[in-house]
Each structure stands twice: as structure tokens, then as C-alpha cells.
Amino acid sequence: MKGPGHDVAALVLRATLGPMLFVHGWNKVAGPGGLGGTTGWFEALGLKPAEVHARMAAGTEMAAGVGIALGVANPLPAAATVGLMAVAARTDHRGKGFFVFKGGWEYAGVVGGAAVALAALGNGRYSLDGLLNRRPSGAGPAVLAAGVGAASAAALLAACYRPDEKPDTTDQ
């Protein structure tokens, strides 16, 4: 049984996570380096074709952010968030440890985990899903968000991740 704080907890989580994701996506398009800078960054990460991935990542982040903020179509925006964070963890944060201030995967892990938690919690009464009397929650939506997000990231990486090989500097 859901307690009286459930709907407020879902609203607070959505109001935190959704706008943050949207602004992250918007920054990829309109931030200091613009879409060109994001494209160059993605090229350096090894995502091919980089321009397509820059646009796709920005658009997906903004759409997931709006979906989460408004509380619509649970668990799909959460799955998109998991996919985004899994790709980020693999391409940009891998091998840099845990802490984000050292380039590590901390941020991606927390955001992905929060998205799965929101999928389990559901969007609550104060959401578009609530307004439409559509309130999926529980283990099913959480597993779906985690599974679809991880599978999508794995497929994208298998098809498009081509990092530059680092030369072998060991003496032979």
C-alpha cells in the first residue's frame, strides 16, 4: 500500500531529475561549444557518426527530461535515461574511477539509478500519468526501464562505438 508521501516523493524526484536531464541535453545544443562542440567531443569518444550521436543524445536527454518532469509514459523516459547514462559510463567515464570530479562514473550511476527508482515508484498522482489514471509502478516498470535502457545502450555501442586504438607502448 502506498503511503501519503508517495505522490510527493515521486513529484520531488521528477522535479529534480527531469529538468536536470533537459538542461543537460539543451547544453549539448546551445551551450558554450554548441552542437559543433558536442559533435567534436563525441568524435573523440569514438561514437560514429558523431554528429548523429550528438543530436540523438541531446534530443533523447531533452525528451526524457520533459517526460520525467511531466510524469508521462512511465517507464519509457526512465529507460531512455538508463540508456543515456550507460553509454556515458562506457564511453566517457570508463576507467576513470568512481568520483565524477575525477571523470568517474558516479554521476551516470546515480542518475541511472534514480531513473530506475522512479520507474518503480511510478509518476504518482501529481503527473500526466496520474491525470490519465495510468499509474504503472513496481518491479515490472523498474526491470523494464533497466532492461530496455541497458539493451539499447549495448546495441548502440556494438553498432557505433569505435574508439581510436591506443598504440602499444610496451617494450617487446
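Predicted model: local features only at pLDDT ≥ 70, side-chain atom pairs only at ≥ 80, totals over all residues.
Proline 75 sits in the loop between helix 3 and helix 4, where helices are DSSP runs of H or I with at least four residues, numbered from the N terminus. Residues are numbered from 1 along each chain as its sequence is written, and side-chain values use heavy atoms, with hydrogens and water left out.

The loop between helix 3 and helix 4 also holds alanine 73. Its phi is near 65 degrees, a positive value in a residue other than glycine. Most residues other than glycine have a negative phi, and most peptide bonds are trans. Alanine 73 is partly exposed, at a relative accessible area of 27%; buried means under 20% relative accessible area, exposed over 50%, and partly exposed in between, using a 1.4 Å probe and protein chains only. Asparagine 133 is likewise not a glycine and has a positive phi, about 55 degrees. That residue lies in the loop between helix 6 (128–131) and helix 7, and counts as exposed because its relative accessibility is 64%.

A cis peptide bond also joins lysine 48 to proline 49, with omega about -10 degrees. Proline 49 belongs to the loop between helix 2 (34–45) and helix 3. Lysine 48 forms a salt bridge with glutamate 43, their closest N and O atoms being 2.8 Å apart; a salt bridge here is a side-chain nitrogen of Lys or Arg within 4 Å of a carboxyl oxygen of Asp or Glu. Both partners are partly exposed, lysine 48 at 27% and glutamate 43 at 37%.

By this rule there are six salt bridges. Side chains of opposite charge can pair when their charged atoms come close. Another of the bridges links glutamate 51 to arginine 55, with the closest N and O atoms 3.3 Å apart. These two residues are four apart in helix 3, so about one helical turn separates them. Aspartate 92 pairs with lysine 96 at 3.6 Å between the closest N and O atoms. Aspartate 92 counts as buried at 18% relative accessibility, whereas lysine 96 is partly exposed at 39%.

Helix 7 (residues 139–160) has 22 residues, which at 1.5 Å a residue should span 32 Å; the end C-alpha atoms are 31 Å apart, in agreement. The expected span is 1.5 Å times one less than the number of residues. The buried residues of helix 7 are Pro141, Ala142, Ala145, Gly149, Ala153, Leu157 and Cys160. They cover an arc of only 120 degrees around the axis, which puts them on the same side of helix 7; the arc is that of the directions from the helix axis to the C-beta atoms. The face turned away from this buried side carries the exposed residues Ala139, Val143, Ala158 and Ala159. The buried residues pack against helix 3 (50–70), helix 4 (76–91) and helix 5, contact meaning heavy atoms within 4.5 Å.

Helix 5 (residues 106–121) contains tyrosine 107, which is partly exposed at 24%. Leaving aside neighbours within four places in sequence, tyrosine 107 contacts Met20, His24, Met85 and Val100. The side chains of tyrosine 107 and histidine 24 make a polar contact at 3.3 Å. A polar contact is a pair of N or O atoms within 3.5 Å; within protein, one must be able to donate a hydrogen and the other to accept it, and residues adjacent in sequence count only if both atoms are side-chain atoms.
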